[in-house]
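Colleague: I'd like to go through a few features of this one with you. Can we take them one at a time?

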Amino acid sequence: MTDADTYDLECTGISKDFGSFRAVDDVSFRIPSGTFFSILGPSGCGKTTLMRMIAGFEDPTAGDVCIKGKSVLSVPPNKRNVKMVFQHLALFPMMDVYENIAYGLRCAGATKDEIASKVADVLERVALPDLARREIHQLSGGQKQRIAIARCMALNPDVLLLDEPLGALDLKLREAMKIELKLLQHQFDTTFVYITHDQSEALVMSDYVAVMNAGRFEQVGRPEELYHAPQTAFVAGFVGDSNRWTGRAVEVRSDGIKVETDAGLTVIAMAHGNEQVVEGQAVELFVRPEFISATKPGTPDSDLPADNSYTGTVDGVLFNGANSRVLVRGPAGDLIEADVVVTGGADDLREGDPVRLHWARAQSMCFAS
Amino acid sequence: MSQDTKRLSLILLFAPFALWIVLLILLPHIGMVVLSLREKVAPRVYEFGFGNYVDFMNEPIYWNTLMRTGSMSLLVTVLALLIGFPVAYYIAKIAGKRSRGALFLMCLIPLWVSDLIRAFGWILLLRETGVVSSLLVWSGMTDEGIEFLYNDVTVVVGLVYTVILFMIVPLVSTLDGMGDDMIEAGYNLGGNSLTVLRRIIIPYAMPGIVAGCIVVFMLTSGSYLTPILLGGKNSSWFTEQIYDQFITRFNWESGAAFGILLLAFTSLVVWLGLRLSGQSLANTVART
Ligand SMILES: Nc1ncnc2c1ncn2[C@@H]1O[C@H](COP(=O)(O)OP(=O)(O)OP(=O)(O)O)[C@@H](O)[C@H]1O
Ligand SMILES: [Mg+2]
């Protein structure tokens with residue numbers, strides 16, 4: 001197997017300018033065959049623009065796009081074997097489900113019998129075998145979704161692009177479709193490039209996630225890597241929840257950094273990211289709520305991380321089943337979020353209770369800012 | 001109480017509409033039908049009968065005029081569609097948000113001017129001593145002035161110009177409702193420009209196309225001024241025959257029969273058109 005075969009999609013240094021505004025700025029990545037690759041970023045960061053360049057609807061100002069190792073810059077959109085599921089799906093309302101799927105096959109010059117068998121096959125695979133003759137407006141949101149994917153997959157694309165396809169669905173259906181999409185990707189064994197601004201979608205479904213901000217890729221990696229070892233402050237803040245403080249490094253050692261936050265809290269932290277933290281420098285500090293243990297004072301804390309340990313009072317309890325949190329007013333007067341288990345028993349933390357917070361230095365991620 | 005108010009407001013809202021339908025559409029047509037079924041047997045003596053219709057059947061010149069009007073109107077409709085579609089597509093899909101309004105307004109400007117004045121405008125341009133002919137003589141391309149008026153081409157051109165707006169408006173409104181992503185999806189799935197036009201854009205715009213065609217066809221076949229002024233005495237437009245019967249010959253009975261025949265004929269053509277394009281009138285009205 002040569003190098004080119006293993007990468008379905010490769011972008012090198014692509015940029016896109018709209019007038020003087022740079023929407024996509026020198027983005028490079030490559031996606032191994034059969035992976036679920038997500039591009040995660042806030043609204044307006046250039047995700048759709050990047051995807052439209054891959055599909056051929058925009059010409060990059062600079063850089064190259066290769067599919068299966070071949071540059072496609074000179075290939076028009078209808079000749080690229082990259083199919084796209086649009087944000088609003090763009091199913092053709094004047095055709096029924098069968099005709100929607102058959103459209104692409106007809107364009108490819110398939111015979112009547114081929115079309116019939118392929119449509120039946122792909123409908124089977126998205127688990128909607130009986131819907132061939134339905135009109136589009138008779139489908140539910142989730143069914144439309146699957147038909148839009150089926151319409152693309154019937155053509156055996158090298159890469160399937162999905163532009164926030166869950167955006168229009170309600171919350172319950174989104175949760176169900178997340179898992180379904182992952183299963184579909186597995187089934188078709190095709191490279192999916194999935195755009196989203198919802199970090200939980202990206203983390204749940206993807207093999208690899210690229211975090212994008214202001215036209216650039218901040219970091220590309222597995223979901224766990226992004227979560228536990230963010231390379232930039234933006235990634236740390238955007239992926240997952242965290243307590244975020246700004247402050248100053250007062251002491252830098254090889255085994256940790258002592259940071260004094262703007263509110264006056266002193267925290268032992270570890271440096272992350274590429275930039276060296278030097279003494280006296282302004283830093284950003286991130287601590288995830290699930291790594292902070294909140295206990296009542298008096299509980300034996302010998303096995304708890306001792307690097308950072310503070311007392312405070314419970315300012316509020318945010319009950320959300322297994323994801324419940326407490327808001328703690330810390331010694332410096334700022335609010336700290338910590339995950340807790342709410343059992344409903346007498347031991348639960350309540351508003352106004354004194355509380356002790358602990359977390360390890362490895363869990364305080366410090367970035368030079 | 002609130003039931004009564006509701007009913008009253010419904011009646012009040014509905015009344016002008018009902019009056020309009022009954023007084024200006026239904027009654028005159030019933031009158032026309034009744035009138036057309038009166039046969040003149042002697043001065044001031046009438047009998048019920050189909051004589052006026054039989055007269056029409058027996059006189060080939062009437063037949064020919066009706067067919068000619070129908071086919072020229074179809075030609076005008078097709079031309080208006082062929083010219084109007086790209087214009088509507090440009091306005092709805094290609095022009096920027098800001099220039100769109102201006103372009104739309106420009107299409108409306110001809111409506112500011114009355115039919116009559118517009119027709120005279122054409123006459124000024126096209127008659128033997130008119131602008132175009134004089135220019136040709138002046139530039140030396142011909143020795144004598146050319147009469148551009150009083151032929152079928154001029155009539156068709158003038159009619160297309162008069163009615164094209166009624167094609168563009170419904171087309172713009174349907175094409176406007178079509179997302180750009182629909183067209184992009186058409187390309188993305190492997191279609192070339194022709195496939196996308198034939199299989200996506202035109203089917204999507206079909207209700208607008210049908211609506212525009214109906215309006216244009218009805219307007220053209222019922223128009224009077226433009227064919228008469230640009231086509232002259234030999235334009236042989238069917239409305240001219242009706243006018244002739246009513247006003248010149250003072251034969252109201254046969255004029256009424258002609259009117260009913262024109263209505264029946266154009267309705268038949270529209271019905272055929274709807275059948276052939278697989279559209280229903282309700283669907284067309286609902287989607288434009
Ligand atoms: N045709 C265009 N002309 C000018 N600017 C554009 C054009 N298309 C996009 N932009 C700009 O490029 C930037 C990125 O747009 P893009 O649509 O890629 O964002 P996005 O990441 O997809 O956002 P969202 O999550 O809201 O869809 C935006 O600031 C947008 O205003
Ligand atoms: Mg977008």
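Colleague: In which loop of chain A is A:Glu164 found?

Modeller: A:Glu164 is in the loop between β7 (159–163) and α6 (171–188) of chain A. Helices (H or I, at least four residues) and strands (E, at least two) are DSSP runs, numbered from the N terminus. This is a predicted model, where local features need pLDDT of at least 70, side-chain atom pairs count only at pLDDT 80 or more, and totals for chains, interfaces and linings use all residues. Residues are numbered from 1 along each chain as its sequence is written, chains are lettered from A and ligands numbered from 1 in the order in which they are written, and side-chain values use heavy atoms, leaving out hydrogens and water.

Colleague: What is phi of A:Glu164 near?

Modeller: Most residues other than glycine have a negative phi. For A:Glu164, phi is positive, near 40°. A:Leu89 also has a positive phi, near 70°, and lies in the loop between β6 (82–85) and α3 (97–107) of chain A.
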